[in-house]
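Here's a quick briefing to read with the fold on your screen.

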Amino acid sequence: MSRKHFFPKQPELRHQTVISNPPRQLFHQQTDWTCSIACIRSLLSGVSEQVPGEQELIERFGLKPGPHYSKDIKRIGILDGYHAVYGCDQTDADFDTILDYLEKGYYVMVESMYNYAHWYVLLGYYPIAGADIEKSTLLIYDPYYHNTRLLNTDEFICMWIDGNFAASGVEKDFIAIQK
């Protein structure tokens, strides 16, 4: 039995093949508010042999508790010196845009409402039936629980929205770092 939708047509994605691009290491967040820092550290592990510790980044950049959005990360310069793409600069990005970056070899982190302004590392995309997002899954890393899990793509896309849009200025936030 298929699900009933309130919308007449589910969106389809251009990507119809498996895309997988995990970084070398996945880092657990050390406090309740450092999911973005743990994700950044995970992404950096794919482009650098030396990854700064979480506490080192907090102290070096004067980070305070609270969610940190792509515009905050860009403003304080944590990723200066790396080829980074920020959601705050790509306000028209859709999920195909994110998959484009993953396919081009970028390491990608996405912010979601699953746990209110929570960041995840996107490890892979697995379409089961072509472009039908209802039959495809994402492999994500959750730095809070320090585990990976599969999510339905359509479910994630519905939750890929910032509940604090007034503060973040970005509806669908992400950060991508090129290898």
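Strands β3 and β7 pair in the antiparallel sense over 5 bridges; pairing here takes at least two DSSP bridges between two strands. Helices (H or I, at least four residues) and strands (E, at least two) are DSSP runs, numbered from the N terminus. Keep in mind that this is a predicted model: local features need pLDDT of at least 70, side-chain atom pairs count only at pLDDT 80 or more, and totals for chains, interfaces and linings use all residues. Residues are numbered from 1 along each chain as its sequence is written, and side-chain values use heavy atoms, with hydrogens and water left out.

**Around β3**

- On to β4: 5 bridges join β3 to β4, and the two run antiparallel, with S112 and H118 as bridge partners.
- The β3 and β4 hairpin has 5 residues between the strands, and Y116 in the turn has a positive phi of about 50°.
- β3 is mostly covered, with 7 of its 7 residues buried; buried means under 20% relative accessible area, exposed over 50%, and partly exposed in between (1.4 Å probe, protein chains only).
- In a regular strand the side chains alternate between the two faces of the sheet.
- Here Y106, V108, V110 and S112 point one way from β3, while Y107, M109 and E111 point the other way.

**Around β5**

- β5 (residues 136-142) pairs with β4 in the antiparallel sense over 6 bridges, and Y125 has L138 as its bridge partner.
- β5 also pairs antiparallel with β6 (residues 147-152), again over 6 bridges, and there L138 stands opposite L151.
- β5 is mostly covered too: 6 of its 7 residues are buried.
- H146 lies in the loop between β5 and β6, a hairpin with 4 residues between the strands.
- Most residues other than glycine have a negative phi.
- The phi of H146, though, is positive, near 55°, and the residue counts as partly exposed because its relative accessibility is 42%.

**Nonpolar cores**

- The largest nonpolar core has 25 residues, and those with the most contacts inside it include I40, L63, M109 and I175.
- A core is a set of buried Ala, Val, Leu, Ile, Met, Phe, Trp, Tyr and Cys residues joined through side-chain atoms within 4.5 Å.
- The elements giving two or more residues to this core are α1 (35-44), α2 (54-61), β3 (106-112), β4 (118-127) and β7 (174-178), and the largest share, 6 residues, comes from α1.
- Leaving out residues up to four places away in sequence, M109 touches C39, I40, W119 and I175, among others; contact means heavy atoms within 4.5 Å.
- Apart from that core lies another of 24 residues, among them L13, F95, L151 and F174.

**Cysteines**

- A disulfide is a pair of cysteine sulfur atoms within 2.5 Å, and by that rule the count is 0.
- For C39, the nearest cysteine sulfur, that of C35, is 6.2 Å away.
- C39 is buried because its relative accessible area is 0%, whereas C158 is exposed at 60%.

**T34**

- T34 is in the loop between β1 (19-20) and α1, and at 0% relative accessibility T34 counts as buried.
- The T34 side chain makes a polar contact with the T31 side chain (3.1 Å).
- A polar contact is a pair of N or O atoms within 3.5 Å; within protein, one must be able to donate a hydrogen and the other to accept it, and residues adjacent in sequence count only if both atoms are side-chain atoms.
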